[in-house]
Amino acid sequence: MKKNSYNFDYYKKNFPEAYFVSKNQMPNEFNKLINEKNLFIELGVGTGKNINNFIKAGWKGNIVGFDLWKRYKKPENIKGVTFIEGDVRNTFSYYIKNINKIDLLYIDLDSDVESSIYCLNCCKNLIKNSYVYIDEFYGFHNWSKNEAFYFSKWLANTQYSFDLVFYTEFGAAFKLNGLKKPEYLFYTLIDKLTEKELNGTDN
Ligand SMILES: C[S@@+](CC[C@H](N)C(=O)[O-])C[C@H]1O[C@@H](n2cnc3c(N)ncnc32)[C@H](O)[C@@H]1O
């Protein structure tokens, strides 16, 4: 904990409204913050430890987890959870076609930040007034150059205003609010440029 304390100073300075929650208390905190618990999506399930923590904390809504399950074995003993196997770049946009809203999007795809941003772009209309938790944000190794840099850029460019609500040892929980106005069109344009940059294509 001590070695990351400098990052806590960073939060205190830049996001004075945000508060610290230890990672093991994080599912409880989301339970308190989110009234309508319809859908929790986890990108990067691994062994399912985090999903189990949400179930133990009493998350009542649907849970859908995505993973490649190459490094870890797909969990077999978690009931009532939909697991979708494969690269999120092939599975996620297809799955969300029939979804109206994601209440909590939990992002933990190792250092695959491009896929994380791809998913955020795919579901940006479904996460308005919802929470996004980024498991490796400020505090993670070399954060200013890696994950946090790209996620911050996405957050700054998105059409929604956002609050950084709380932070854990490595992660950060954001609440996406209403549309930024009147800059909406500007941010939509920036979004498109970001997509182009990430995909390396004009399409
Ligand atoms: C750190 S683990 C997740 C741990 C889990 N969230 C927990 O806290 O218990 C990261 C997972 O992301 C998955 N992953 C990374 N890139 C992916 C991709 N493009 N598509 C699907 N899964 C991916 C890996 O297979 C790995 O299991």
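Which elements do the buried residues of α5 pack against? The points below work towards the answer.

1. Basis of the model. This is a predicted model, in which local features need pLDDT of at least 70 and side-chain atom pairs count only at pLDDT 80 or more, while totals for chains, interfaces and linings use all residues. Residues are numbered from 1 along each chain as its sequence is written.

2. Overall make-up. The protein has seven helices and eight strands; helices (H or I, at least four residues) and strands (E, at least two) are DSSP runs, numbered from the N terminus. Buried residues make up 28% of the 203 residues, where a residue is buried if 20 or more other C-beta atoms, placed from the backbone, lie within 10 Å of its own, exposed if 12 or fewer, and partly exposed in between.

3. The sheet. Eight strands form an open sheet of mixed pairing, in the order β1-β7-β8-β6-β5-β2-β3-β4, and two strands pair if DSSP finds at least two bridges between them. At the edges stand β1 (19-20) and β4 (81-85), each of which pairs on one side only. Strands of a sheet pair through backbone hydrogen bonds, either parallel or antiparallel. Strands β7 (residues 160-167) and β8 (residues 172-179) run antiparallel and are joined by six bridges, and L164 stands opposite F174 in β8.

4. Helix α5. The buried residues of this helix (residues 113-122) are V113, S116, C119 and L120. They lie on the same side of α5 because they cover an arc of only 120° around the axis, the arc being that of the directions from the helix axis to the C-beta atoms. An α-helix has 3.6 residues a turn, so residues three or four places apart point the same way. To return to the opening question, the buried residues of α5 pack against β2 (39-43), α4, β5 (104-107) and α6 (147-157); two residues are in contact if their C-beta atoms, placed from the backbone, lie within 7 Å.

5. Residue L155. This residue is found in helix α6 and counts as partly exposed because it has 18 C-beta neighbours inside 10 Å. Leaving aside its neighbours within four places in sequence, L155 is in contact with F162 and F174; L155 and F174 are 19 residues apart in sequence, and their C-alpha atoms are 9.3 Å apart in space.

6. The nonpolar core. A nonpolar core is a set of buried Ala, Val, Leu, Ile, Met, Phe, Trp, Tyr and Cys residues joined through C-beta atoms within 7 Å. Among the 39 residues in the largest one, L43, L104, L105, Y106, I107, V132 and Y133 touch the most other members. Not counting residues up to four places away in sequence, Y133 touches L104, Y106, I107, G171 and A173.

7. Two loop residues worth checking. D110, in the loop between β5 and α5, has a positive phi of about 50° although it is not a glycine, and D110 counts as partly exposed because it has 14 C-beta neighbours inside 10 Å. N129, in the loop between α5 and β6 (131-134), is likewise a residue other than glycine with a positive phi, near 65°; N129 is exposed, with 12 other C-beta atoms within 10 Å.
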